[in-house]
Amino acid sequence: MSPSFTQSRLQPSPSPTSLTTASQIVIVGAGTFGLSTAFHLLGRGYTNVTVLDRARELPAVDAASTDINKGASCYSDIFYTKLAREAMDAWKQPMWQGCYHECGVINVGSDKFDDRLRENDRQFGAPIEDLLDAKAVRTKLLSSLRSSTNSSTTPTRLDSDSNAQRVGPFTNYSGYFNSEGGWAEAARAVGILLSYVREMGGRVIENKEVVGLVKDENGRTTGVKCRDGRRFEGDRIILTIGSWTASTFPELELDSKCLATGQTVAMIQLSTEEKEQYNGCHVYLDFESGFYTFPPTEDGIVKLAVHTAGHTHIISPRQVTGDVDHRPVRKISTPRTITSHPVSGDGLRVPRSGLQALRDQLRKVYPELAERSWVGTRMCWYADSPDGNWVIGPFPGDPTLFLATSGSGHGFKFLPNVGRLIVDSFEGTLDAATAARFAVDRDVAGAKNGERASHVTRELDIGELCGPED
């Protein structure tokens, strides 16, 4: 059983220095939550905002947000539906320089398809096209393809036997199409926001791996210490390091609230002709299996993944106490990436079973692409909370320490606006119901993430890992 908060930790520390726009704020992590928080703090007039990140160069090569694309999905939870609609509107603003591509999203599932997804989108004004049966799903998919005989102009005809084989049967499937949905160029979007933060006066310091917290005699956090020995003092410390949260700060006992899980991601390469044939495709999301895929990029790359409980990687991280004392701590799920395992691309390898699952799912959607060789693989590491809600709020008993983490696989799409919500919480103005939803010490006993296709994680089998060439 994962550690829980002890009674002594819940006792309040003496009141910290009052928060003002001149307060020194240190944000640990320059990913989605960290940069969005910094952007919104600076936008509200805060003048001393420092962002630290372990990466030698930003965006961090192994961050979940450093990706070729991320989708704008739908929700059965009306709270996130509303927030997602706000984010979608924000993505279309000039500051994002065309990062968002409104290609439409096909949301499908079998007879267990949750109609709340459709109704929530419809309630907030999304242009919905119902796909009531297998034929409707197939027709929608085929209508986005181009015929190989004249790929630039000729749509695929469903009544053509050869073309009809280009998509799966979708037996017992239904769903809907949202023409305003789409995807964003993830790494480029993070880079754009990074530039804005710096232009607004924020300090963003790379190659600063934070390994511990600095405390005063009352147990309040007053700063952070880095692996190179440097310390950064702050009136408030905000932790936004996603899947590295629990293993970097084991003393906070966040193992279950911020569980690091790896999702298998792979890519295939289309020829120039094939890219033209599939260029009009929509984002496809199967809520039955968790499988999703995107239209090809400008370079003809098609990314595939499955949104499930994923894999854990439970090891004993090293905790730094003081300046030089290293000691092992309990085993905690910890990301395994190209940064932690850089030799010969070891950190990019994924479970062979994960690749097989992707191939099997692709065969059900676009059969003619299913036997393609992989041109890239990686594990995308999430920080998962048991109920799928983010962890945002002050740390119990430590009023100067604030958490914004556990994106739970649905954080990036909110890059434009999640920082507003985080800063509201940081300033204590978030409404009570939303604050309780995200509270660090909320009760999650027996909770499940209703947006996932499965809820049971598997431990990563190192012997099963493989790369594109294996």
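**Close-up views of a predicted model**

**View 1. The hairpin of strands β10 and β11.** Strands β10 and β11 form a hairpin with five residues between them, and Gly 219 in the turn has a positive phi of about 85°; strands here are DSSP runs of E with at least two residues, and helices are runs of H or I with at least four, numbered from the N terminus. The model is predicted, so that local features need pLDDT of at least 70 and side-chain atom pairs count only at pLDDT 80 or more, whereas totals for chains, interfaces and linings use all residues. Residues are numbered from 1 along each chain as its sequence is written, and side-chain values use heavy atoms, without hydrogens or water. The pairing of β10 with β11 (residues 221-226) is antiparallel over five bridges, where pairing requires at least two DSSP bridges, and Gly 212 has Lys 225 of β11 as its bridge partner.

**View 2. The setting of strand β10.** Because five of the six residues of β10 (residues 210-215) are buried, this strand is largely enclosed by the rest of the structure; buried means under 20% relative accessible area, with a 1.4 Å probe and protein chains only.

**View 3. The largest nonpolar core.** This core has 52 residues, and those with the most contacts inside it are Leu 41, Trp 91, Trp 390 and Phe 414; a nonpolar core joins buried Ala, Val, Leu, Ile, Met, Phe, Trp, Tyr and Cys residues through side-chain atoms within 4.5 Å. Helix α6 gives the most to this core, with seven residues. Phe 414 touches residues including Tyr 75, Leu 83 and Trp 390, not counting residues up to four places away in sequence, contact meaning heavy atoms within 4.5 Å.

Methods. Buried < 20%, exposed > 50% of the residue type's maximum accessible area, 1.4 Å probe, protein only.
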